[in-house]
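Visitor: I have a structure to go through with you. Could we take it step by step?
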Amino acid sequence: MKRPARKPLPRMASRKNASVKKTVRKAAKAVRKPAASARKKVAAVRAKAPARSKPAKTTAKARKTKLTLVPRTTAATGALKLPELHESTTSTGLKVIAAERGPLPLISVRLVMRAGGVWDPPGKDGLADFTARLLRRGTQKLDADAISEAVEFVGASLYAGVNEDVLSVYLTTPAEHFSAMLDVLGQVVREPTFPEQEVLDARDRALAQFANDLDDPSSIADRAFSRVLWGDHPYGRDLGGIKRTVSTFTRDDVVRFHAERMGPRVSMLTVVGAIAPETVAAEAERAFAGWTGGPDAPTELPRKQEPLAKSGQVLLIDKPDQTQSQVRLGGPGFWLGHEDYFPATAMNIALGGGFTSRLMNEIRVNRGLTYGVSSYFDTMSAGGVFALSTFTKTASTREIIDVALEQIHGVRDGGLKPRELKDAQSYLAGLYPLRTETNESVASVIADVRIHGLGDDWVEKFRDRLRAVTPRDVARVAKKYAFADAPVIVVLGKASEVKPLLEGLGPITVVPASEYE
């Protein structure tokens, strides 16, 4: 399912007057000071490190996992290769993976914690996201302005985001400032203070945004779609919460979530860029020293594939001022890394995942019913869905649903033509290397592979596994996922005009748009 893009935490604009420059230098100095004593330790580690021509010995604390993967292709084989991965664990239990990669003097860091939206406490939907947005609003040593000024002064970026499964903090910094910036990241996750006024201000902003969202039909439709698809499952919760839950958030809620869900033993730090792995290990030990809290071990939701509770039902969201209808169709899918991933992905590219797909050709090109239509598999750690998203003018609401179902059922019953499959494979195989071009994307890929248990050969063998998909494989997964059962249908529009058009699609429930504020 399409999720709203995560908004990075606000960053203060740099100001060029003398007084601010003084403040900036003071903040940067405050950041560097705690790291001063560690520089000797790091230098000692480097001095003891073996020469580059002699690879370091593997130890229980620092294993090396060698992958045949680099974020670029070789002319001879076209193989994707990542840099060599070096693993270590800090004394507090934080797993660290370092990948040295040049030539640019930049370093990207992703700290991933199993503290996503599924772990929101009962009645506190959106608390994980709310907590992430407050991490930069002050630590025991730095207030929000000092953090922003220190980060911007060296040309770095630091922000946090949440999805259903994990809470992530991202850092990109020039290599020469890695030590100071990792110290800031460490403070942000180890000892955030969550000032009372910052909590109140963040809550007010969130509540105001809910009111604004009522003017965005697509956002309302997506929110309703997620709830009806997943029902009582944790994946059905709103990542940003709803007005009723967010209005109850207090500083105590945030402090409790941080203490109970965010800790080193459920976290992983990936560092990619122009820095020696032994330096990363030493700096991580320093920056995250004394970090406590969180579960003793990662907790995961059970993986299940089962029919949707509201399969075959129609939810109509009434927004009387609309002249267009937002349309969503959905059915069961699978979790990330499932054995059906590659044939289902190839099927979807041909069906509705590309600009030359069947859905796009029939709905937009041939009939002119919309400017955009897409189908997609939304995959998380414990489950997923297959869905379609589009919009059209009110009068053509039923036509666009009927045509979409016709195209999806056509693939379900007849599979893909060999040429369609080949084109889909070539298209995705050609795009995939772009996902591993930058240090930031490589850091995220490494984290995702490990968090979701995809296997260290995921990137290396991705295109081979995609190209190995046969028409028979596609036919098998199409019968399974291309709405074998009647889909859930969500339509947002002017109910008085749209409801008669939906007769015969299934039981219709009408609710006001305000229910999704």
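This is a predicted model: local features need pLDDT of at least 70, side-chain atom pairs count only at pLDDT 80 or more; totals for chains, interfaces and linings use all residues.

Visitor: How many of the residues of H4 are buried?

Guide: In H4, 12 of the 13 residues are buried, so this helix is largely enclosed by the rest of the structure. Helices here are DSSP runs (H or I, at least four residues), as are strands (E, at least two), numbered from the N terminus. Buried means under 20% relative accessible area, exposed over 50%, and partly exposed in between (1.4 Å probe, protein chains only).

Visitor: Which residue forms a salt bridge with Asp183?

Guide: The partner of Asp183 is Arg286, with the closest N and O atoms 3.3 Å apart. The pair links helix H4 to helix H9 (residues 277-287), 103 residues apart. A salt bridge is a side-chain nitrogen of Lys or Arg within 4 Å of a carboxyl oxygen of Asp or Glu.

Visitor: Is Asp183 buried or exposed?

Guide: Asp183 counts as buried, at 4% relative accessibility. Arg286 is buried as well, at 18%.

Visitor: Changing topic, what is the relative accessible area of Asp340?

Guide: The value for Asp340 is 0%, so Asp340 is buried. Arg476 forms a salt bridge with Asp340 at 2.8 Å between the closest N and O atoms, and Arg476 counts as partly exposed at 41%.

Notes. Residues are numbered from 1 along each chain as its sequence is written. Side-chain values use heavy atoms; hydrogens and water are left out.
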